[in-house]
Amino acid sequence: MNILDQIGDTPLIRFSGEVPNNNRIWLKLECDNPFGSHYDRVYLRLFKHFEEQGLLRPGATVLETTSGSAGVSFAGIGTLLGYKCLVAIPEGGEKAREEAIRRAGAELIFTPAESYVNGFPRFAARFLAKNREVVFLNHSMGPNGSENGVAVEALGTIGEELRSQLDSVDCFIAAVGNGSSVLGPARMLYPRTSIVTFESFQSATAYDLLYPGEYERLYGIAPGSLPRHQLPGTSFPGIDFPHIRLAFKDEQLVERTVLVSDERTNDQYLALTGNLVPASLPRWDTVRLPPYGRTTRAGLAVALHLAEQMENKNIVLLAYDKEDRYDT
Ligand SMILES: Cc1ncc(COP(=O)(O)O)c(C=O)c1O
């Protein structure tokens, strides 16, 4: 079977650990896609779309910017289709992720660690002005900051599959990255399903959109005041991502967003404010869930937290990627 035919239709498995209040927690195994994440769905369609639009000549050089798993899927699928793939990634991230991107066939271009994802728009504008033959796929937004409809529809298939895999999807939990894995499935699941998102305590980008000013009032610092967090691919302050704006504001699909912390967050917050992060916030680093990666552990921490507050429900989270994409 062709590798590309194996993308999507991912398994849904039930979490076998203890869950309170007769709730059931399910993991949608996006990490079982051939290149290891939900982004396989996106690039399968994005490459096809660019080809159909006549924007890609055979053997063209293609560029993508990423802090997360998108790079591996882009590199794997682009290389299979015969393109030369360049992946721009901020310095100082997980080496395991960089290696996986290289193994999938792409060349890496490092952007400055300090500006992190916020440095991408400037990098891309300069790079493309100098390298006019390179085609930029830009999965996180369409032209001029609009929705990338192809990417969102591709991730909508997760919601469609869930509806056929469970009698009722009562609660769907996704991480906030650029908003795509929230918006795509949520459009298919809302309003029957309650959509809950999470992000690191350090960023609180979506939190500030949903509950304006509350973070600063509760925690005494502005969102994004703490150093870079440990959940690569998720939440970064400072970019107006259209898929976040659509899911949280324009379409109001998200019912609730939860902040997650870890030991390092606690240390950083203590050093800055003299206070501890409230113990009521779920901690992802205390949850063990081999073979899944940190974001999935964080999703499970959130699911267990929600399970304390509801009864006899199906709670679904995305298993984004596996441990092998992280250094420790
Ligand atoms: C491990 C991981 N989890 C979650 C996400 C969030 O996905 P998205 O930005 O597509 O919503 C990403 C994004 O790359 C990721 O790499």
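Ala, Val, Leu, Ile, Met, Phe, Trp, Tyr, Cys and Pro are counted here as nonpolar, Asp, Glu, Lys and Arg as charged, and the others, Gly among them, as polar. The legends below describe a predicted model.

**View 1. Residues of the shell around the ligand.** By class, the shell comprises eleven polar residues, four nonpolar and one charged.

**View 2. Origin of the ligand shell in helices and domains.** Helix α6 (residues 180-189) supplies three residues, the largest share of the shell. Both domain 1 (3-34 + 155-325) and domain 2 (39-142) contribute at least three residues each.

**View 3. The open sheet of four strands.** The strands follow the order β5-β4-β3-β6 and their pairing is parallel. Strands β5 (107-111) and β6 (135-136) form the edges, each pairing on one side only. Between the parallel strands β3 (residues 61-65) and β4 (residues 84-90) there are five bridges; Leu63 is placed opposite Leu86 in β4. Helix α4 (residues 120-130) lies across β3, β4, β5 and β6, and runs at about 165° to β3.

**View 4. The open sheet of six strands.** Here the order is β1-β2-β10-β7-β8-β9, with mixed pairing. The edge positions belong to β1 (12-14) and β9 (254-260), each of which pairs on one side only. On average, neighbouring strands of this sheet are turned by 25° against each other, direction ignored.

**View 5. Pairing of strands β8 and β9.** Strand β8 (residues 194-200) runs parallel to β9 and is joined to β9 by six bridges. Val196 has Arg256 in β9 as its bridge partner.

Definitions and conventions. Residues numbered from 1 in each chain as written. Predicted model: local features only at pLDDT ≥ 70, side-chain atom pairs only at ≥ 80, totals over all residues. Near = placed C-beta within 6 Å. Helix = DSSP H or I, 4+ residues; strand = E, 2+ residues; numbered from the N terminus. Domains from an automatic or database assignment. Pairing = 2+ DSSP bridges. Contact = placed C-beta atoms within 7 Å. Axes fitted to C-alpha atoms, helices over the stretch in contact; angles between N-to-C directions.
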